[in-house]
Amino acid sequence: MKKLLIVGVVAMGAVAAQAGVYGDVPDAKHAWAVHDRNRPNPVKVTANPGQVPSDAKLLFDGTVDSFTRNWQHKKTDRKADWQVVDGAMQSVKGAGYIQTKDAFGDCQLHIEWASPSKVEGLGQGRGNSGVFLMGSYEIQVLDSYETDPSKDPNPNPNYADGQASAVYAENPPLVNASRKPGEWQTYDIVFHQPIWKDGKMVWPGSVTVFHNGVLTQDHWEMEGLTTHCNRRPLAPHATRLPLEFQDHGNPVRFRNVWIREIPSRYANTTHGGPAAKEEDVMALRRKTADQLFKKIDTSKMDAPTLAALMEVVSYAKEGVWKDEFLKHAFAYRDWVKTLDAKAQDARRGEITDLKRICNKLQKGGVLPPNCTLAAALGDICTKKGWKVR
Ligand code: MG
């Protein structure tokens with residue numbers, strides 16, 4: 001290989017600017033490197049204070065039209081006789097449960113609700129309604145304001161797993177964040193449904209609830225389907241089902257209901273997590289390698305091209321990607337050994353950067369421990385006392 005074929009770059013960082021090998025490289029469970037610049041960025045969502053996020057589905061905006069468009073009786077042949085009053089939809093005794101016309105699975109859900117300002121009844125009879133995720137898992141809605149165990153007697157005694165923001169019949173809220181009867185309250189819920197495979201449960205799902213901004217359910221893994229008195233085990237169901245609100249005989253109001261569907265961790269098979277599949281990871285790594293390789297002019301025998309090829313093989317070191325990398329790596333190795341001390345100094349940034357990339361590739365098993373390119377670069381750095389990041 002003739003010396004002149006290699007055109008090194010002098011400026012510190014010039015190689016790094018062109019190569020994406022920055023953090024630990026992809027592995028069997030991760031298609032992307034740490035801090036991978038090729039990894040797609042998240043889509044933009046507008047989320048101004050107090051406003052519905054731009055990608056949310058607004059399920060109730062305070063109008064009759066919004067109610068009739070999005071809600072129906074749970075028994076779909078019956079009319080949904082809840083009322084829309086002063087911008088709120090209100091449960092009517094005997095009208096029955098209502099459900100969304102659309103079905104949802106894993107979601108972020110925002111709800112504002114208010115129990116009646118006229119306090120009637122005790123315990124489960126006071127301002128009771130409920131948010132039934134997928135029609136199967138109830139987050140309790142209840143006037144729990146006066147339920148206070150520090151007082152003797154407790155002015156509104158109730159069972160703990162039935163209080164406001166309880167996972168009903170399973171888990172009490174961590175604290176009682178209830179506001180006064182009649183005041184608007186918020187639930188912000190993150191829900192993941194149970195995962196089943198071949199009739200066997202892989203994961204029970206989870207629910208997280210913020211009640212008036214206070215964490216009351218912390219990633220609670222469901223134990224069963226909502227029940228009363230008897231424990232009822234989890235069971236497979238459709239992966240999308242309507243959201244339901246309960247009629248428990250009390251005029252509870254709801255407003256500003258919006259939902260965002262969110263991905264399951266089990267839908268992710270390419271970047272870590274419990275469902276990472278090596279074949280999916282490798283397919284994405286090959287796709288990225290291919291995309292990057294197509295942008296490289298391999299006729300250029302210079303350091304940026306070598307760095308770019310090192311990035312390619314960090315995803316997949318095979319076929320033409322491997323062949324071109326090796327060709328450039330051996331050429332650079334042989335050429336860099338010929339540099340005199342002054343020429344080495346002039347290329348300090350380039351040499352240390354390539355050594356840094358070699359280190360990452362060796363750490364990730366892409367290059368062997370006895371890689372001769374890494375050794376040649378390492379010899380210079382050691383002799384010069386140059387630090388390699
Ligand atoms: Mg209820």
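Strand β2 and strand β5 (residues 98-104) run antiparallel and are joined by three bridges; strands here are DSSP E runs of at least two residues and helices are H or I runs of at least four, numbered from the N terminus. The model is predicted, with local features needing pLDDT of at least 70 and side-chain atom pairs counting only at pLDDT 80 or more, while totals for chains, interfaces and linings use all residues. Residues are numbered from 1 along each chain as its sequence is written, and side-chain values use heavy atoms, leaving out hydrogens and water.

Both strands belong to an open sheet of five strands, ordered β2-β5-β14-β7-β8 with antiparallel pairing; two strands pair if DSSP finds at least two bridges between them. At the edges lie β2 (71-73) and β8 (137-141), each pairing on one side only.

Turning to the helices, the axes of α4 (residues 303-315) and α7 (residues 348-363) come within 11 Å and cross at roughly 10 degrees. Axes are lines fitted to C-alpha atoms, for helices over the stretch in contact, with angles from 0 to 180 degrees between N-to-C directions. The two helices are therefore roughly parallel, a term for angles under 35 degrees. In their contact (heavy atoms within 4.5 Å), residues including Leu-306 and Met-310 of α4 meet residues of α7, among them Leu-354 and Ile-357.

In α4, 13 of the 13 residues are buried, so this helix is largely enclosed by the rest of the structure; buried means under 20% relative accessible area, with a 1.4 Å probe and protein chains only.

Note on methods
Angles under 35 degrees count as roughly parallel, over 145 as roughly antiparallel, 65 to 115 as roughly perpendicular and the rest as oblique. Buried means under 20% relative accessible area, exposed over 50%, partly exposed in between (1.4 Å probe, protein chains only).
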